[in-house]
Amino acid sequence: MLKSDKTAAQPYYAVPQVPDEGLPVFYSGEQLNIEVVASTGQITEIPLINIAVDLQKADPINAAPVRPSFQQSSLAAVNLTDTFCMTWPRKLNPDTIPKITITAAYAPGGTTKSDEQKTINLVTASFQQVHNIYRYNLALGVVGSTLHNPSFSRVQTTLASGGTPAQFTTVKDNGDPYVAPALFFSAYIFKIDAESPWTKLDLRPQPSIGFSLSSPTDNFFFGGSSEILRNVQIVYGYHLGRVTELAPSFVNDPTSSAAPATQKRFHGGFFGGMTFNIDFIKGLVSGK
């Protein structure tokens with residue numbers, strides 16, 4: 001918001017007003033709403049206002065507290081009677097710094113003579129950098145699952161004796177719980193501002209789908225992700241994995257020591273793990 005003040009020795013001028021909670025955060029795709037508040041005398045002496053908005057390109061910002069570029073201004077009390085509002089037609093681009101310049105034609109006493117009018121600078125203000133909004137994310141990590149991938153073997157139970165052959169039985173080894181590296185894709189229902197400090201709202205679950213990097217056609221993960229630190233997530237949900245099981249057999253020969261026939265079939269379980277944004281991993285490797 002821009003308000004105006006006047007002293008006996010100078011014309012009306014405008015100064016930026018910073019809300020008590022600080023400057024707002026602008027996001028990509030939003031539009032600037034500019035409001036000018038003036039008194040009756042100001043309207044008489046300032047017949048024309050020019051507003052220019054410049055979007056200065058800047059590098060992507062890190063997640064750090066953002067501070068205003070100017071201090072809170074104090075004004076003398078004025079009788080405000082009119083408010084003028086406009087929406088800047090261009091949408092804001094990410095990683096730019098909006099700079100607003102407002103000039104006016106000053107006509108002392110409301111004169112209409114052009115030679116007595118002059119152009120004055122009401123305000124030039126640079127706001128905080130426009131933040132980018134992220135709608136999806138790719139992350140790498142490690143997950144563990146309740147699924148096991150068992151193995152089967154034939155174990156001798158009775159030694160051969162006389163004319164009786166040795167006896168064998170099929171034994172199942174459950175194996176260890178499934179643990180593997182995985183790649184996850186998350187679609188953000190709740191917008192993510194990764195250029196601001198982490199807050200508890202980032203813990204809200206976001207739908208995610210992933211697959212195993214060690215066996216991408218055999219293991220799929222469906223569930224959610226919650227960001228516990230900036231660029232670090234925990235993932236959890238349903239694991240659909242292909243595991244080994246005995247193949248159907250109509251003959252059970254107890255004298256055979258041959259490995260039993262097996263097959264792979266999908267089974268369900270639950271998984272949990274931790275993932276890291278790819279850029280975050282690059283930063284750890286490069287030290288930047």
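A salt bridge is a side-chain nitrogen of Lys or Arg within 4 Å of a carboxyl oxygen of Asp or Glu. In this predicted model, Arg-230 forms one with Glu-227, and their closest N and O atoms are 2.7 Å apart. Both partners are buried: Arg-230 has a relative accessible area of 14%, and Glu-227 has 5%. Glu-245 and Arg-265 also meet through their side chains in a salt bridge, at 3.6 Å from N to O. Glu-245 lies in strand 14 and Arg-265 in strand 15 (residues 262-277), so this pair ties together parts 20 residues apart in sequence. Glu-245 is buried at 17%, while Arg-265 is partly exposed at 49%. Shared partners also matter here: salt bridges join Asp-202, Glu-227 and Arg-230 into one network.

The whole structure holds four salt bridges. One of them pairs the side chains of Arg-242 and Asp-218 at 2.8 Å, N to O. Arg-242 sits in strand 14 (residues 232-246), and Asp-218 sits in the loop between strand 12 (206-212) and strand 13 (219-229). The two are 24 residues apart. Arg-242 counts as partly exposed, because its relative accessibility is 28%.

Now turn to Asn-33, in strand 3 (residues 33-38). Asn-33 is exposed, at 62% relative accessibility. Beyond its sequence neighbours within four places, Asn-33 contacts Met-86 and Thr-87. Met-86 is 53 residues away along the chain, yet the C-alpha atoms of Asn-33 and Met-86 are separated by 5.8 Å. With Thr-87, Asn-33 makes a side-chain polar contact of 2.8 Å.

Phe-185 belongs to strand 11 (residues 177-192) and is partly exposed, at 36% relative accessibility.

Methods:
Residues numbered from 1 in each chain as written. Predicted model: local features only at pLDDT ≥ 70, side-chain atom pairs only at ≥ 80, totals over all residues. Heavy atoms only, no water. Helix = DSSP H or I, 4+ residues; strand = E, 2+ residues; numbered from the N terminus. Buried < 20%, exposed > 50% of the residue type's maximum accessible area, 1.4 Å probe, protein only. Contact = heavy atoms within 4.5 Å. Polar contact = N/O pair within 3.5 Å; in protein donor to acceptor, adjacent residues only side chain to side chain.
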